[in-house]
Amino acid sequence: MLGFLIILMLLLATLALPAVSANKPPQKGEPLPSFNLPIPKNPAEKAYLGLSGEGFFKISQIKAKVVIVEIYSMYCPFCQKDAPGINELYNLIEKNSGLKNKIKIIGIGAGNTPFEVETFKKTYQVPFPLFPDKDFTIHKACGEVRTPYFIVVKINDDGSHRIVHAQLGDYPGPEPFLDLVLKASDLK
Amino acid sequence: MEERTGIITMKGNPLTLVGNEVKAGEGAPDFTVLDNNLSPVRLSSFRGKICILSSVPSLDTPVCDLETRKFNEEASRLGPDVVILTLSMDLPFAQKRWCAASGVDKVQTLSDHRDATFGISYGVLIKELRLLARAVFLVDQKGTLRYVQIVKELTNEPDYEAILDALKKLV
């Protein structure tokens with residue numbers, strides 16, 4: 001009888017729990033949530049990411065040792081404010097012959113259509129690939145993070161990968177962020 | 001003044017709510033808050049509209065909440081009579097910066113900082129912080145409360161789907 005009552009109480013307790021999001025924001029030490037991105041049609045972007053063919057790819061398939069992912073939105077004023085500084089991060093990397101083929105940057109426009117992604121790209125002259133996430137599918141897989149959210153992924157030679165740094169907002173500027181990326185991914 | 005515990009937590013730590021508990025079916029208490037220009041605004045001035053009263057601890061954050069923005073856009077598209085009033089203890093100057101409202105015409109940010117009349121009238125004033133708990137109240141065109149949701153953990157978002165479901169019944 002007591003056992004039955006305890007089980008009943010536990011059952012009632014679980015019914016009282018609030019609904020929780022299925023996914024948590026990506027964290028250091030974890031693998032990336034599973035999602036696909038379309039292989040860019042633009043040949044320069046394709047070459048930048050070291051991809052070939054058509055269809056979809058996973059971030060761990062990018063030809064790099066480290067990939068910096070920014071989850072942003074065209075409508076996020078903080079993402080807009082950070083855009084020149086992240087462009088500068090790209091420039092710092094590309095100008096450094098030791099880093100240029102090792103670290104890549106991509107952006108994912110949460111809830112943004114291809115048109116909105118193009119608008120952001122043109123307005124802020126973004127030199128690295130940006131991807132639309134029109135239906136928030138990737139945003140959901142990433143625990144519906146606030147923006148901007150930065151994820152630094154280290155890709156190993158065997159194709160396995162791990163998140164070495166994850167950060168919500170607070171972009172510190174190109175040099176400090178590059179320093180952080182290098183330390184987190186043991187490239188320093 | 002009534003105090004209630006066991007309703008909300010912050011990172012699992014219990015907090016106390018001050019003010020009157022309100023329930024669906026009752027008349028929505030009137031209150032006066034300040035708009036972004038420091039002008040007083042009363043709930044009763046929205047009579048005839050469906051009001052979504054959404055209270056939050058703070059709007060002044062350096063990141064964007066796309067969830068909330070999505071909800072604001074969806075809710076405002078549900079009908080011409082829908083108005084979203086987001087209330088917090090932030091000063092009006094800080095509320096102006098809130099990105100989940102920018103470009104969404106039907107969202108108004110209102111400050112309860114001066115007298116906490118909303119917080120006390122709706123029982124969502126947090127005693128320990130003098131901030132508002134995260135909660136959503138739906139008020140119909142006649143001024144009757146039709147839905148109440150107080151979010152248990154302060155750092156979590158509301159259950160937006162449940163709110164949209166309840167809202168669709170009023171529109």
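The model is predicted: local features need pLDDT of at least 70, side-chain atom pairs count only at pLDDT 80 or more, and totals for chains, interfaces and linings use all residues. Residues are numbered from 1 along each chain as its sequence is written, while chains are lettered from A and ligands numbered from 1 in the order in which they are written.

Start in chain A, with strand E3 (residues 66–72). Helices (H or I, at least four residues) and strands (E, at least two) are DSSP runs, numbered from the N terminus. Is E3(A) enclosed or open? Seven of its seven residues are buried, so E3(A) is largely enclosed by the rest of the structure. A residue is buried if 20 or more other C-beta atoms lie within 10 Å of its own, exposed if 12 or fewer, and partly exposed in between; C-beta atoms are placed from the backbone. In a regular strand the side chains alternate between the two faces of the sheet. Here A:Val66, A:Ile68, A:Glu70 and A:Tyr72 point one way. A:Val67, A:Val69 and A:Ile71 point the other way.

Which strands pair with E3(A)? Strands pair if DSSP finds at least two bridges between them. One partner is E4(A), joined in the parallel sense over seven bridges. In this pairing, A:Val67 has A:Lys104 as its bridge partner. To get from E3(A) to E4(A), the chain passes through helix H3 (residues 77–95), and this β-α-β crossover is right-handed. That term applies if, with the strands pointing away from the viewer, the path from the first strand over the helix to the second runs clockwise. Another partner is strand E6 (residues 149–155) of chain A, antiparallel to E3(A) over six bridges. There A:Ile68 stands opposite A:Val152.

Now move to E4(A) itself, residues 103–110. Seven of its eight residues are buried. E4(A) also pairs with strand E5 (residues 130–133) of chain A, in the parallel sense over four bridges. A:Gly109 faces A:Pro132 of E5(A). With helix H4 (residues 114–124) of chain A, E4(A) and E5(A) make a right-handed β-α-β unit.

Turn to chain B. Four of its strands form an open, antiparallel sheet in the order E1-E2-E8-E9. The edge strands are E1 (3–10) and E9 (131–132), each pairing on one side only. Two bridges join E2(B) to E8(B). B:Val18 has B:Leu125 as its bridge partner in E8(B).

Chain B also has a helix pair. H1 (residues 66–76) and H4 (residues 160–170) of chain B pack at an angle of about 10°, with their axes 11 Å apart. Axes are lines fitted to C-alpha atoms, for helices over the stretch in contact, and angles run from 0 to 180 degrees between N-to-C directions. H1(B) and H4(B) are therefore roughly parallel (under 35 degrees; over 145 is roughly antiparallel, 65 to 115 roughly perpendicular and the rest oblique).
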